[in-house]
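Dear colleague,

I am handing over the structure that we spoke about, with the sequence alongside it.

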Amino acid sequence: MNPIYIDKKEILKRYKPIDKHTHKGIQGHALLIGGSYGKIGAVCLSSKAALKTGCGLVTAFIPKCGYEIVQISIPEVMVLSDVQEKFISNITFDIVPQAIGIGPGIGQEQATQKAFHEFLKSNKTPLVIDADVLNILSKNKEWLSLLSPKTIITPHPKELERLIGKWNSELEKFEKAMAFSKQYQLIIVMKGAPTHIIDGDTIYENTTGNAALATAGSGDVLTGMITSLLAQSYEPINAAILGVYLHGLTADIALPETGYQSFIASDVIANIGKAYLSLENKD
Ligand SMILES: NC(=O)C1=CN([C@@H]2O[C@H](COP(=O)(O)OP(=O)(O)OC[C@H]3O[C@@H](n4cnc5c(N)ncnc54)[C@H](OP(=O)(O)O)[C@@H]3O)[C@@H](O)[C@H]2O)[C@@H](O)CC1
Ligand SMILES: Nc1ncnc2c1ncn2[C@@H]1O[C@H](COP(=O)(O)OP(=O)(O)O)[C@@H](O)[C@H]1O
Ligand SMILES: [Mg+2]
């Protein structure tokens, strides 16, 4: 299989330091779509992670019940809300984001499935798909052909299995994932320990991260980070690679302070700054 290892050397080939003349209007606008009653936290985590990864503006699209929650917990994030109280039923907006992340906490209501289908028919914006929207795609496989080339999907092992079917060996898992990536021209972030990124026949293996990441919401945070990098004009494959690397690095940096057990998804977000700073060190 011969994966390409994603280490600091590979990252420095891709990382773009900030331009001192930039401003929030050209630093990228990320739109995070997700949340449902009881799972608004997922979209709070994704949208805060997007901001902390460096895009200039972030908007969250959520059901009505999440409006005050998001506005109060992350005042830097702008909020658009659905007409429905507890779930998303109609994805419409008049902003022009450079990247969209969809899925964290969104649930699988029939109306949400229909709203996602309508959204897919017209969407032209670079997309990251996670969580329940992956499960919705698994239930409606004919919609996969509506995805634009280089759409990024971020399944954990169960979500991957729902999409590509069961495998009997690690080799078969990779073969099936590569075939799926080629069939639909998708970039697959196969989350795990370690995380692999599949782009057609090419496999990348991440070298950062540890078991501290086995905690609720850490995948929701990753979705926000990758969406932010896409909004900042990284090529989709580089957004996936850099996002996964930085995400893992936060856990490596925090470990001496938190230990494995008390690290939570918010600690990923709190350590993104240190992860970026470590890219500037010479060692
Ligand atoms: N605060 C919030 O608002 C939060 C909201 N969240 C939102 O909740 C929604 C549901 O997401 P979800 O991933 O919990 O549910 P689901 O797709 O059924 O998968 C669960 C099953 O998958 C498996 N599995 C998972 N990881 C695995 C691994 N590494 N390796 C192997 N297996 C693995 C495992 O299966 P088992 O091993 O038990 O058979 C497990 O039972 C989604 O929208 C998400 O964004 C959460 O992010 C939490 C914080
Ligand atoms: N033991 C582990 N070692 C390294 N990374 C892990 C480990 N367990 C989980 N992770 C990472 O944590 C994240 C979990 O994502 P996910 O299962 O979608 O969580 P959630 O849906 O709760 O946000 C993935 O990026 C995964 O690679
Ligand atoms: Mg998840």
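Predicted model: local features only at pLDDT ≥ 70, side-chain atom pairs only at ≥ 80, totals over all residues.

Residues are numbered from 1 along each chain as its sequence is written, chains are lettered from A and ligands numbered from 1 in the order in which they are written, and side-chain values use heavy atoms, with hydrogens and water left out.

To begin with the fold, the protein chain has 11 helices and 10 strands, where helices (H or I, at least four residues) and strands (E, at least two) are DSSP runs numbered from the N terminus. The radius of gyration of the chain is 18 Å, close to the 19 Å that the globule rule gives for 283 residues, so the chain is as compact as a globular protein of that length; the radius is taken over C-alpha atoms, and the rule is 2.2 Å times the number of residues to the power 0.38. Buried residues make up 57% of the 283 residues, buried meaning under 20% relative accessible area, exposed over 50% and partly exposed in between, with a 1.4 Å probe and protein chains only. An unreviewed UniProt entry carries the annotation "domain: YjeF C-terminal" for residues 7–279; its positions are given in the numbering used here, the feature name is shortened, and such annotations may be inferred rather than shown by experiment.

Turning to ligand 1, 16 residues surround it, and the closest are Gly-105, Asp-132, His-156, Arg-162 and Asp-220; a residue is near a molecule if one of its heavy atoms lies within 4 Å of it. The largest share of this shell, 4 residues, comes from α6, while α2 (40–52), α5 (131–139) and α6 (157–164) each supply at least two residues. Among the polar contacts (pairs of N or O atoms within 3.5 Å), an oxygen atom of ligand 1 is 2.7 Å from an N or O atom in the side chain of Asp-132, and an oxygen atom of ligand 1 is 2.8 Å from one in the side chain of Arg-162. The protein covers 52% of the 910 Å² of accessible area that ligand 1 has on its own, areas coming from the Shrake-Rupley method with a 1.4 Å probe.

Around ligand 2 there are 16 residues, of which Lys-191, Gly-192, Gly-217, Gly-219 and Asp-220 come nearest. An oxygen atom of ligand 2 is 3.1 Å from an N or O atom in the side chain of Thr-195, and a nitrogen atom of the ligand is 3.3 Å from a polar backbone atom of Asn-210. An oxygen atom of ligand 2 also lies 3.0 Å from a polar backbone atom of Asp-220. Of the 580 Å² of accessible area that ligand 2 has on its own, the protein covers 76%.

Finally, some loop residues may deserve a look. A cis peptide bond, with omega about 5°, joins Ala-193 and Pro-194, and Pro-194 lies in the loop between β8 (187–190) and β9 (196–199). Lys-150, in the loop between α5 and β7 (152–153), has a phi near 75°, a positive value in a residue other than glycine, and counts as partly exposed at 41% relative accessibility.

With best wishes

How values were computed
Polar contact = N/O pair within 3.5 Å; in protein donor to acceptor, adjacent residues only side chain to side chain.
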